[in-house]
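Please open the structure in the viewer and keep the selection panel at hand.

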Amino acid sequence: MALVFIGINSNAQEILLEQNPGKDTIPSQQGPNLKHYSHMYLGLGFIVGPSMGAGSAIRYGNSTDFNFGYRYKRKVANFYAVGFDLAYGLTSFNIKQQIQKTLPNSVLHDNEKINFNHLGALIYNRFNIGKRGNHIGNFIDVAAYGNWEFAIRHIYNDKNKTPNESNAKLTKVVNKNLTYTNPFNYGLQARIGLNRYVFYSSYRMSSLFKSRFMYPELPLLTIGMQISLHG
């Protein structure tokens, strides 16, 4: 009987040693509606606001805002969170070709645009709407952003009625290191989120051009949609 008891007791000890009671009891803090969450996103918008003068009129529908970035969210309460974005963006203003054009000069082309390539940071307050499980759910964001315009390009194309001296039927010119643009800009953004789909509106509060050049300012307002790359 003693041998049987020792054998049973030994087996019981082996089973206990194989178990890890604490392994699954620590709650996760990473998740869409948990304490910490981050994901990538991709967005496309359109410039919709008015120009500040006829000299900087743009072609709507051809003037776009592309953005790709990383978004972090820190849950504070069930209804409130804070976070930040780090992103690359390309805002392209397609200049309308008309007699009144002064940006950056009065010469007319078949197609002309000014591209602003930027790296940006944004901080936001998030107000959650409705009940949710461990999902992003619906929300409203109120944010402020700042961009560093690291590559600004003035680009124009002209079709040649006959091949030019280089035997080309199309001439494309890219002007870099523009002296009339500001390297930084900032503004406000509002977003409405429906889980992975986010509709945004951005309002630029700063000037794209240095004041001494006296260019009429380009439109300040942009609207668009982002797709959050999460489950």
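This is a predicted model: local features need pLDDT of at least 70, side-chain atom pairs count only at pLDDT 80 or more; totals for chains, interfaces and linings use all residues.

**First stop: D141**

Select D141, which is located in strand β5, spanning residues 138-159. Is this residue buried or exposed? D141 has a relative accessible area of 0%, so it counts as buried, the cut-off being under 20%. Now display its surroundings. Setting aside residues up to four places away in sequence, D141 touches Y124, N125, R126, Q189, A190 and R191.

R191, like D141, is buried.

**Second stop: R71 and D85**

Move to R71 and D85, whose side chains meet in a salt bridge with an N to O distance of 2.9 Å. The pair links distant parts of the chain, with R71 in strand β2 (residues 64-77) and D85 in strand β3 (residues 80-94), 14 residues apart. R71 is buried at a relative accessible area of 2%, and D85 is buried as well, at 4%.

Which residues are linked in a network of salt bridges? Select R71, D85, R126, D141 and R191 together to display that network.

Select E112 and K101 for another salt bridge between side chains, at 3.0 Å from N to O. Here E112 lies in strand β4 (residues 111-129) and K101 in the loop between β3 and β4; eleven residues separate these distant parts of the chain. Both E112 and K101 are buried. In total, the structure holds six salt bridges.

Turn now to the nonpolar residues. In soluble globular proteins, nonpolar side chains tend to be buried together. The largest nonpolar core here has 14 residues, of which F93, L103, F116, F209 and L218 touch the most other members.

Finish by selecting F116 and displaying its contacts. Apart from neighbours within four places in sequence, F116 is in contact with G89, L90, T91, F93, E149, A151, I152, T181, L208 and L218. Among these partners, F93 and L218 are also named with F116 as residues that touch the most other members of the core.

How values were computed
Residues are numbered from 1 along each chain as its sequence is written. Side-chain values use heavy atoms; hydrogens and water are left out. Helices (H or I, at least four residues) and strands (E, at least two) are DSSP runs, numbered from the N terminus. Buried means under 20% relative accessible area, exposed over 50%, partly exposed in between (1.4 Å probe, protein chains only). Contact means heavy atoms within 4.5 Å. A nonpolar core is a set of buried Ala, Val, Leu, Ile, Met, Phe, Trp, Tyr and Cys residues joined through side-chain atoms within 4.5 Å. A salt bridge is a side-chain nitrogen of Lys or Arg within 4 Å of a carboxyl oxygen of Asp or Glu.
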